[in-house]
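Here is a short report for a reader new to this structure. Look over the sequence and the model before reading on.

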Amino acid sequence: MEKSVRTSDAPRGRQRLSRERVLNAAVGVADAGGLGALTIRSLAQELGAKPMSVYYHVAGKEAILDGIVDVVFGEIDLPSPGGDWRSELRRRAASARQVLRRHRWAIGLMESRTAPGPATLRHHDAVLATLRAAGFSLEMTAHAYALIDSYTYGFALQEAGLPFEGPDTVAPVAESIMEHFTSGDYPHLVEMATGYYFKTSYDFADEFDFGLNLILDALSASLPSAQGGDAGSGDLHG
């Protein structure tokens, strides 16, 4: 009986640790409390292990940050260089936005690491391959990648900071803000709120597809094939 009690009451720390388990736990801690809550001590507590056991799998905080960024990149759908480039990059951008909604702490961290992991490298290579297969020159591939990611990360950052989420919450927040207006002040804000936001079940999330399509349209127009040239040759400078 005594042996059975010890087995059933064994602390979680006696479970076998692995680098994957440590990093997944680190993602969970960051999801729950932000990066500020992620320390070796809090991670060890989450795992039910001793801090020295965690150090066996990750060298320290920087290694943890490298690792959890790689976990996040691994959750984003990879584009396929063999598919329609617009559809593939649209799918990849939508997936990145959804992943960043789950891991909001990662928005400012994704491109900051100098020791990228295999999922990160695989992700970047797939995006570059998709753009190159579409016929973009090296210069335009750099422009396109920077533009799409700036938009995707920027939208995710703005979305994370909004005081409302979904069309049902826009009007109450806007009405609360408008209560501070003096009559006649900010007429264009009032016009947008009363003439559009309140009347159309406005959802900020819908703006993502609108903006992304504008970007993809502009990039498509820059391809040599759209200009009557050979889609697979030449460098673009405009």
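Axes here are lines fitted to C-alpha atoms, for helices over the stretch in contact, and angles run from 0 to 180 degrees between N-to-C directions. Helices (H or I, at least four residues) and strands (E, at least two) are DSSP runs, numbered from the N terminus.

## Basis

This is a predicted model, where local features need pLDDT of at least 70 and side-chain atom pairs count only at pLDDT 80 or more, while totals for chains, interfaces and linings use all residues. Residues are numbered from 1 along each chain as its sequence is written, and side-chain values use heavy atoms, with hydrogens and water left out.

## The chain

The chain has eleven helices and zero strands. Of its 238 residues, 38% are buried; buried means under 20% relative accessible area, exposed over 50%, and partly exposed in between (1.4 Å probe, protein chains only).

Contact means heavy atoms within 4.5 Å. Among the contacts in the chain with a separation of 6 or more, 71% join residues 24 or more positions apart.

## H5 against H7

Helix H5 spans residues 61–75, and its axis lies 7 Å from that of H7, at an angle of about 40°. That makes H5 oblique to H7. Angles under 35 degrees count as roughly parallel, over 145 as roughly antiparallel, 65 to 115 as roughly perpendicular and the rest as oblique. The crossing is left-handed: the near helix is turned anticlockwise from the far one by less than a right angle, whereas clockwise would be right-handed.

From H5, Val 69, Asp 70, Phe 73 and Gly 74 meet Pro 118, Ala 119, Thr 120, His 123 and His 124 of H7. By class, the contact of H5 with H7 has four nonpolar, four polar and one charged residues. Ala, Val, Leu, Ile, Met, Phe, Trp, Tyr, Cys and Pro count as nonpolar, Asp, Glu, Lys and Arg as charged, and the others, Gly among them, as polar.

## Thr 120

Thr 120 sits in helix H7, residues 118–134. Its relative accessible area is 5%, so Thr 120 is buried. Beyond its neighbours within four places in sequence, Thr 120 contacts Val 69, Asp 70 and Phe 73.

## H7 against H8

Helix H8 covers residues 138–161 and packs on H7 at about 125°, with the axes 10 Å apart. The two are therefore oblique to each other. H7 passes H8 in a right-handed crossing.

H7 brings His 123, His 124, Val 127, Leu 128, Leu 131 and Arg 132 to the contact, and H8 brings Leu 138, Thr 141, Ala 144 and Tyr 145. These residues divide into six nonpolar, three polar and one charged.
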